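Here is a short briefing on a protein model. Keep the sequence and the 3D view side by side as you read.

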Amino acid sequence: MSDVLLQGQGVETFYGKIQALKGIDFEVRQGEIATVIGSNGAGKSTLMMTICGTPRARAGRINFGGRDITNMPTHEIMHLGIAQSPEGRRIFPRMSVFENLQMGATVNNLSNFVEDLPKVFRLFPRLEERQGQRAGTLSGGEQQMLAIGRAMMARPKLLLLDEPSLGLAPIIVKQIFNAIKELNEREGLTVLLVEQNAFHALKLAHRAYVMVNGRITMSGTGQELLKRPEVRAAYLEGGH
């Protein structure tokens with residue numbers, strides 16, 4: 001796991017005059033699951049969006065696969081092999097499950113669609129049962145499965161997952177995290193996970209960062225951070 005796939009150095013992002021990311025450094029190595037935990041408004045989703053080029057980093061640089069992507073247009077970044085399952089899922093509600101998965105595969109001109117569809121259905125059998133159904137009529141958990149499945153159809157080198165457990169029942173959360181683990185172990189997929197559910201995220205992660213007010217305040221392996229008393233006090237008390 002020595003190859004660095006994604007790296008950020010001194011990344012600063014602004015919304016107008018408000019600074020959301022305050023000079024952060026991070027890296028994700030090939031074949032690992034990295035996670036960023038932190039409370040609401042810490043800057044986690046901004047980090048995900050900055051990697052994708054919307055908004056752009058105003059200072060610092062972001063490298064992916066050895067290329068500087070800091071000022072690259074979003075569609076070009078996606079074609080390099082980054083796929084995102086965004087916060088709030090953002091599936092196409094009027095399209096069927098099948099059509100949503102087709103949309104994910106259009107990054108590669110649908111050339112691998114027939115081959116890749118069974119892999120998504122193996123990971124999420126519920127989607128196969130629901131493939132003709134309008135995506136907007138799915139349950140929240142099924143929509144999250146679809147958002148991840150759609151991202152997978154792009155055959156990414158790096159999968160960005162933004163709050164995949166948000167608003168889901170505990171049993172569904174467990175299914176989603178098991179699927180992420182399986183993708184990483186079976187397919188060797190590299191994952192960057194932003195998550196408020198610190199316990200599940202840290203248990204899964206090879207590498208972990210804590211974000212507070214736009215800064216990374218702590219880093220280490222997932223297991224190391226799980227044991228840190230300040231992490232436990234801030235993010236793991238009260239039922240997690």
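**A buried glutamate and its partners**

Glu32 is buried, with a relative accessible area of 3%. Buried means under 20% relative accessible area, exposed means over 50%, and partly exposed lies in between (1.4 Å probe, protein chains only). This is a predicted model: local features need pLDDT of at least 70, side-chain atom pairs count only at pLDDT 80 or more, and totals for chains, interfaces and linings use all residues. Residues are numbered from 1 along each chain as its sequence is written, and side-chain values use heavy atoms, with hydrogens and water left out.

**Salt bridges**

- Side chains of opposite charge can pair when their charged atoms come close.
- A salt bridge here is a side-chain nitrogen of Lys or Arg within 4 Å of a carboxyl oxygen of Asp or Glu.
- By this rule, the count is 15 salt bridges.
- One of them joins Glu32 to Arg207, with the closest N and O atoms 2.6 Å apart.
- Glu32 sits in the loop between strand S2 (18–29) and strand S3 (33–37), and Arg207 in strand S9 (residues 207–212), so the pair ties together parts that are 175 residues apart in sequence.
- Helices (H or I, at least four residues) and strands (E, at least two) are DSSP runs, numbered from the N terminus.
- Arg207 also counts as buried, at 19% relative accessibility.
- Another salt bridge links Glu182 and Arg186, whose closest N and O atoms are 2.4 Å apart.
- Glu182 and Arg186 are four residues apart in helix H7 (residues 170–187), about one helical turn.
- Glu182 is partly exposed at 33% relative accessible area, and Arg186 is partly exposed at 35%.
- Arg186 forms a salt bridge with Glu187 too, the closest N and O atoms being 3.3 Å apart.
- Glu187 is partly exposed, with a relative accessible area of 37%.
- Elsewhere, salt bridges that share partners join Glu27, Arg29, Glu32 and Arg207 into one network.

**An aromatic pair**

- How many aromatic pairs does a search of the whole structure find? It finds one.
- Rings of Phe, Tyr and Trp (its six-membered ring) pair if their centres lie within 6.5 Å; planes under 30 degrees apart count as stacked, over 60 as edge-to-face and the rest as tilted.
- The rings of Phe98 and Phe113 have centres 5.3 Å apart and planes at 90 degrees, so this pair is edge-to-face.
- Phe98 belongs to helix H3 (residues 97–105) and Phe113 to helix H4 (residues 113–123), so the pair ties together parts that are 15 residues apart in sequence.
- Phe98 is partly exposed, at 27% relative accessible area, whereas Phe113 is buried, at 8%.

**Helix H3 against helix H6**

- The axes of H3 and helix H6 (residues 140–152) come within 7 Å and cross at roughly 35 degrees.
- Axes are lines fitted to C-alpha atoms, for helices over the stretch in contact, and angles run from 0 to 180 degrees between N-to-C directions.
- In H3, Val97, Asn100, Leu101 and Gly104 meet Leu146, Gly149 and Arg150 in H6; contact means heavy atoms within 4.5 Å.

**Around Leu202**

- Leu202 lies in helix H8 (residues 198–204).
- Leu202 is buried, with a relative accessible area of 0%.
- Not counting residues up to four places away in sequence, Leu202 touches residues including Thr35, Ile37, Ala208 and Val231.
- Gly222 is 20 residues from Leu202 along the chain, yet their C-alpha atoms are separated by 4.4 Å.
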